[in-house]
Structures are given as structure tokens and as C-alpha cells.
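Please open the model in a viewer and keep a selection tool at hand. The stops below are meant to be followed in order.

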Amino acid sequence: MKTAPVIIVQLIHIEGPLKGQILELSDPEIKIGRQTSCQLCFPADLNIISREHATITREGNRFKLTDHSSNGTLVNGKRIQEIYLKDGDVITIAQGGPKVSFLTEIGEADLSSPAPAPEIQRPAPPSPPPVREEIVKPIVPKTHQVQKPVPPPVSVPPAAAPPAARNKEPLIIQYGPTLRTFDELPLRIGKNPDNNFSLEHPGIQESHAEIYFAGEQYWIRDLTGRQLITVNGVAVDQGAALGKNDKLALSPEGPFFQFLGNGRLVEEASSDEEVSEQSGRQEDGSASNKPPDKEGRKPMSFLKKIMAKI
């Protein structure tokens, strides 16, 4: 049965009125603007964006961004007229306008009839070798036999997990309004600046986590020894494989991520933040009049952070 390649475009809103939303499209042409016919449609009162501001057109396996506006379109901070996009590019819709991160995902489509996606089974990490139990025979004392004292057993600490092999698999982490790309794994995460990815967060330890690639999959390992990291609510110890759309919590207090597959991590808000955001709205559905915080964000807004500005 023949199949055809399908490229899914993911547009992740990292700044602007739609911050936190992810738009997935497979259209050959994606229109950006304020018109309701645009696939990437912004509010009508956002006047810095034109009605038909720009288009993303597929050409083979590449995607070309073309500007049609009066206020311009920027890619990674530079104004463009036409440009071929790469994974991780940040598109700014008009000078000072909303920002969108561009990502793609390649799959296979069945041309005859759609079939349900197979369930992804995550392999378990290698089991430790079984502990050999020694059978101690009781000592029957003989007459006039002098029994020597038996020394207490010596406790041996468990061996540390072996270091992961280095390879050239990429990893993209979106944390805050920026994005950071790593070209080699394993990647160490922690509060200490000596880590590959340094995070200042109350839930993060000095040496916190390691992300590595093995067996054609991305894995995460807890380095704290306290089982702070969970994947889909299950504590991670020596290693857990990451599957598409898995929910990753680096600690009970966060930060929280979603694994999009193909080595892409996007920060998510915790359930408590989402409930707080809903409570910040009035009963009639209108937005609360509470002023934004010092960073310019609305209170209890949905967080989608990306590490290291491009």
C-alpha cells in the first residue's frame, strides 16, 4: 500500500494575544493576518497586522515565508521580504507584534483509508542484575568448641547509573519567550551554571536531570536521588523514555513541559495556573481588570517559556 510524506507545520505562539496556543497545519499555503479566512488569524483590533499580512508556502520539503504587509515581517529579529524557514525560527508579525515559533514534523499518510495510530509502547529501562542470595547454614556448636564472633555485614552503596553515550541527536527547548537548540546529547539540567542548561527555578536542584538518546528514543534520568521528576505522573529514577505528547514535570513545583516528539520540549502551565487563570475572569466571561505584572504578562496567564533568545 503506497504512502505519501506529510509535513505538519507547528506554529507555537510565544508572545502576543494568542500566547501559549499551538496551531498544527498541513495546508500547502498558510495565510497569516486579521482576515477570518487566514489559517493563522489574529484579533481584528490588532491594527499593526495587515488583513493579509504574510503567507507560508510549501515548495517540496521546504517552506517559504513571504511578506505582503506595510508594517513588515521579521525572522529571528531581521526584516524579510522572502525567506525559507528552518525549524526553530521565530517569526515576528509586524515590528513589535506577536511572535510565533516555526517547527515541522514529517510523517507518513495512508492514501487508501485512514487507520488509527498504533499505540506507542514505551520500553522500560534496563533492569538491574538480580541480587544473589547466599544461603548461610546454621552452625551447630560442638562440645568445648570456641565460637568466633561473626563480623557485621558491610553495606555497599548501590552503583551509580552509567554515563550516557554522546551522540549528535538534536534537542530544542522552548522556555519563556525564547528558544534554545542543542546539537549534542546527553544534556545536563540544573541550577548550577556548569550544567548545559542552567535553570533558576525554586524546584530545580544544583544537578537535577539528564536527557539522553538511546535505542532510537529520547530518555530522561533523575539526578537528584529524590524522585522529583515525573513523566505522565510516574516518578522517574534511572531512566524513562519520552513519547510524543508526554507530560514532563521536573519537580512538583515545576517547571512543566510537553514533549512534542523529534527532540522538542515546550513549557506548559501547571493545572493550578490554568485554574487560577480561569478564576481571574469575571462571571460574564469578560477579562479581569487586574493590571499586568512587572514582566508585562497578564495575571495567571498560560505559560509557554522558551530558553535562550535567538
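Begin by selecting Ile173 together with Leu265 of strand S23, which stand opposite each other. The model is a predicted one, and this pair belongs to a parallel pairing in which three bridges join S12 to strand S23, residues 264-268.

Next, select the whole of strand S12, residues 171-175. Five of its five residues are buried, so the strand is largely enclosed by the rest of the structure. Display the side chains: Leu171, Ile173 and Tyr175 point one way from S12, whereas Ile172 and Gln174 point the other way. In a regular strand, side chains alternate between the two faces of the sheet.

S12 and S13 pair over five bridges in the antiparallel sense, and Ile172 stands opposite Thr181 of S13. Two residues lie between the strands of this hairpin, and Gly176 takes a positive phi near 80 degrees there.

Lys247 has Gln258 in S22 as its bridge partner.

Move on to another open sheet, in which five strands follow the order S15-S14-S16-S17-S20, again with mixed pairing. Its edges are strand S15 (197-198) and strand S20 (240-242); each has a single partner strand, so one side of each is left without a neighbour in the sheet. Select strand S14 (residues 187-190) and strand S16 (residues 209-214), an antiparallel pair joined by three bridges. Here Leu187 stands opposite Ile211 in S16.

Finally, colour the chain by pLDDT. The mean is 77, and 67% of the residues reach 70 or more. Confidence is highest in strand S9 (residues 82-84), at 96, and lowest in helix H1 (residues 271-279), at a mean of 46. Select residues 154-161, where pLDDT is below 50; this stretch has two contacts in the model beyond near neighbours in sequence. Then select residues 273-310, over which pLDDT stays under 50 and for which the model has 68 contacts beyond four places in sequence. Where pLDDT is low, the predicted coordinates should not be read in detail.

Conventions
Residues are numbered from 1 along each chain as its sequence is written. Side-chain values use heavy atoms; hydrogens and water are left out. pLDDT is the predictor's confidence in each residue, from 0 to 100. Helices (H or I, at least four residues) and strands (E, at least two) are DSSP runs, numbered from the N terminus. Contact means heavy atoms within 4.5 Å. Two strands pair if DSSP finds at least two bridges between them. Buried means under 20% relative accessible area, exposed over 50%, partly exposed in between (1.4 Å probe, protein chains only).
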